[in-house]
Amino acid sequence: RVQGVGFRYATLLLAREYHLTGTVENLPDGQVKINVQGPASDVKAFVLAIKAGPNPYCRVEEVHIQPQPLAKWRTFKITN
């Protein structure tokens, strides 16, 4: 659940730091969905950083990872 802590923007900056593509969005139930792709080592480092909280105002309590087919993202962006 995220409200007013800059989570999506911090996630965007973090994804750009690791040169990853994908999306981040708030879901109606208050959760956040992140789709990300790139080299496995960079994705792993990104996930570890997300779990730690991408900025000092964020606290991540739970992360669920579901492999998906590759998409044709060219950048990482906030979708809502």
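**Close-up views of a predicted model**

**View 1. Buried residues of helix H2.** In H2, the residues Val 43, Phe 46, Val 47, Ala 49 and Ile 50 are buried. They lie on the same side of H2, because they cover an arc of only 165° around the axis. An α-helix has 3.6 residues a turn, so residues three or four places apart point the same way. On the other side of H2, the residues Ser 41, Lys 44, Leu 48 and Ala 52 are exposed. The model shown here and in the other views is predicted.

**View 2. Helix H2 from end to end.** Helix H2 covers residues 40-52, which makes 13 residues. From its first C-alpha to its last, H2 reaches 18 Å, close to the 18 Å expected at 1.5 Å a residue. Gly 53 follows H2 and has a positive phi, near 100°.

View 3. Apart from neighbours within four places in sequence, Ile 50 is in contact with Phe 7, Thr 11, Leu 14, Ile 34 and Val 60.

**View 4. The largest nonpolar core.** This core has 13 residues. Those with the most contacts inside the core are Leu 14, Ala 15, Leu 20, Phe 46, Ile 50 and Phe 76. H1 and H2 are the elements that give two or more residues to the core. The largest share, five residues, comes from H2. In soluble globular proteins, nonpolar side chains tend to be buried together.

**View 5. The salt bridge between Glu 61 and Arg 59.** The structure holds one salt bridge. Its partners are Glu 61 and Arg 59, and their closest N and O atoms are 2.4 Å apart. Side chains of opposite charge can pair when their charged atoms come close. Glu 61 counts as exposed because its relative accessibility is 64%, over the cut-off of 50%. Arg 59 is exposed as well, with a relative accessible area of 67%.

View 6. Tyr 57 is found in the loop between H2 and strand S3 (76-78). At 66% relative accessibility, Tyr 57 counts as exposed. Along the sequence, Tyr 57 and Val 5 are 52 residues apart. In space, the distance from the C-alpha of Tyr 57 to the C-alpha of Val 5 is 5.7 Å.

Note on methods
Residues are numbered from 1 along each chain as its sequence is written. This is a predicted model: local features need pLDDT of at least 70, side-chain atom pairs count only at pLDDT 80 or more; totals for chains, interfaces and linings use all residues. Side-chain values use heavy atoms; hydrogens and water are left out. A salt bridge is a side-chain nitrogen of Lys or Arg within 4 Å of a carboxyl oxygen of Asp or Glu. Buried means under 20% relative accessible area, exposed over 50%, partly exposed in between (1.4 Å probe, protein chains only). Helices (H or I, at least four residues) and strands (E, at least two) are DSSP runs, numbered from the N terminus. The expected span of a helix is 1.5 Å times one less than its number of residues. The arc is that of the directions from the helix axis to the C-beta atoms. A nonpolar core is a set of buried Ala, Val, Leu, Ile, Met, Phe, Trp, Tyr and Cys residues joined through side-chain atoms within 4.5 Å. Contact means heavy atoms within 4.5 Å.
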